[in-house]
Structure formats: structure tokens, C-alpha cells
Amino acid sequence: MSTFSSQDLLTQMKWRYAVKKFEEQKKIPPPLWNALEECLVLTPSSYGLQPWKFLVITEPTLKEKLLPLSWNQKQVVDCSHYVVFLAKTDITETDIDRFIARTCEVRHTAVESLAGYKKMMMTDLVSGPRHATITHWATNQIYLALGNLLTSAAVLGVDACPMEGLEPEKYDKVLNVQDSGYATRVACALGYRAENDKHARSAKVRFKKEDVLVLLK
């Protein structure tokens with residue numbers, strides 16, 4: 001049983017906010033960052049397909065190149081680690097075969113045993129009507145990873161700021177991923193809040209629970 005209580009979880013969720021100003025000299029220790037990387041890898045996805053890549057940027061020069069493509073939001077350059085989330089631009093039989101092969105490798109099972117699962121994925125994502133909007137489907141998966149990272153960071157006492165205020169196509173060019181089969185969708189800055197970030201002291205504004213949560217009996 002976990003020693004991390006429900007109250008501990010709520011305390012961290014109330015503690016976190018979208019940081020507007022990071023302490024640029026304070027870096028996330030390697031053990032903590034390694035844990036956050038593992039949390040990203042462990043993110044659930046539809047069918048388990050993981051249609052994403054996560055680019056972790058710590059190099060100051062590269063951050064500076066991304067700054068003007070991010071509405072000049074200083075979190076990009078001041079944070080400890082900047083993660084750019086890339087989504088698959090298409091899903092093909094090759095992608096499904098790659099996932100099937102990895103599943104067989106990890107679970108020590110035969111490819112033939114997953115023939116039915118492959119057929120289901122192919123029918124839905126490759127040959128079915130969903131394929132017409134497959135980029136949207138893959139992007140939806142990215143937000144599962146983003147949410148997982150934000151929660152994991154908060155639990156570990158690491159600050160974060162999710163960022164959609166960026167120019168994806170220009171990011172792709174700077175990051176040299178234009179022809180990779182992946183495209184920028186969103187980013188997240190992580191590190192530690194500056195003491196003079198006034199937003200840290202602002203009350204968290206949420207609608208009342210009864211206005212958004214409905215218990216069906």
C-alpha cells in the first residue's frame with residue numbers, strides 16, 4: 001500500500017500552478033529528472049501505441065532559438081528542462097507491426113497470438129474512417145502524456161508550465177523534425193518557481209465541484 005496519502009496528493013495538486021517565472025539558476029536534480037522521464041514513458045495511450053516522441057531540451061542556445069517562436073515567453077529559456085511533445089502525423093501498418101513486435105519482446109509471446117489485436121487496430125486506425133482524422137487522434141494522445149507529466153512533477157515537488165503558445169511548424173524546422181513523421185503539438189517547461197513570481201500566491205480558481213462533477217446513481 002502506498003505511503004503517499006490522498007491528502008498528500010491533494011496538497012500537491014493545490015500547490016502546483018502554471019509557473020510564469022522560473023528560477024533560472026536552479027536545476028532539477030538528475031534522479032528526479034530520470035523519474036519524470038520514466039513517468040513520460042509510462043504514460044497510457046489508446047491501444048498502447050504511444051504515437052509520440054518527447055524532445056528534452058536543456059541546451060541554452062537551442063532554448064534561445066525557440067523563444068521568439070513561443071510568444072517570447074521567458075519560461076522557455078529560464079526553466080531547467082523544456083519538453084517538446086511531438087505527435088505522429090500518420091499511423092500505418094508499419095507502426096502497428098512495430099508495436100506488436102515490442103509487445104512480443106517484452107511479454108515473450110508469439111506474433112501470431114496478437115493477430116486479432118493487430119486486425120482490430122488496423123481496422124480502426126489504418127483502413128477505417130478514423131484514419132481521416134488520425135492526426136487529431138494522435139494529438140489527443142499527446143495530452144494524456146502532458147497531463148501525466150504535470151501530475152508527476154507536482155507529486156515530486158517540481159514546478160511546471162504547459163505551453164500551447166508556440167508556432168509548431170517553426171518549431172519543427174528549428175528542431176529538424178519536418179520529415180520525421182512527427183510534428184510539434186505542445187510543450188512544457190519544468191524547473192522551480194522564482195520567489196518573486198506573484199502568481200504563486202494567487203488563489204487557484206476552479207468551478208465548484210458540484211458544477212463540474214456529476215455522480216450518476
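1. Contacts first. Of the contacts in the chain between residues at least 6 apart in sequence, 80% join residues at least 24 apart; contact means heavy atoms within 4.5 Å.

2. Basis. This is a predicted model, where local features need pLDDT of at least 70, side-chain atom pairs count only at pLDDT 80 or more, and totals for chains, interfaces and linings use all residues. Residues are numbered from 1 along each chain as its sequence is written, and side-chain values use heavy atoms, with hydrogens and water left out.

3. Layout. The chain has nine helices and four strands. These are DSSP runs, numbered from the N terminus: helices are H or I of at least four residues, strands are E of at least two. From the N terminus, the order is α-α-β-α-α-β-α-α-α-β-α-β-α.

4. Burial. Of the 217 residues in the chain, 38% are buried, that is, under 20% relative accessible area (1.4 Å probe, protein chains only).

5. Main core. The largest nonpolar core has 33 residues. Such a core is a set of buried Ala, Val, Leu, Ile, Met, Phe, Trp, Tyr and Cys residues joined through side-chain atoms within 4.5 Å. Phe-85, Leu-149, Cys-188 and Leu-190 have the most contacts inside the largest core. Helix α2 (30-41), β2 (81-88), α5, α6, α7 (134-155) and β4 (182-191) each supply at least two of its residues. Helix α7 gives the most, with nine residues.

6. Other core. Another core, of 22 residues, lies apart from the largest one. Its members include Tyr-17, Val-77, Met-163 and Ala-187.

Note on methods
Buried < 20%, exposed > 50% of the residue type's maximum accessible area, 1.4 Å probe, protein only.
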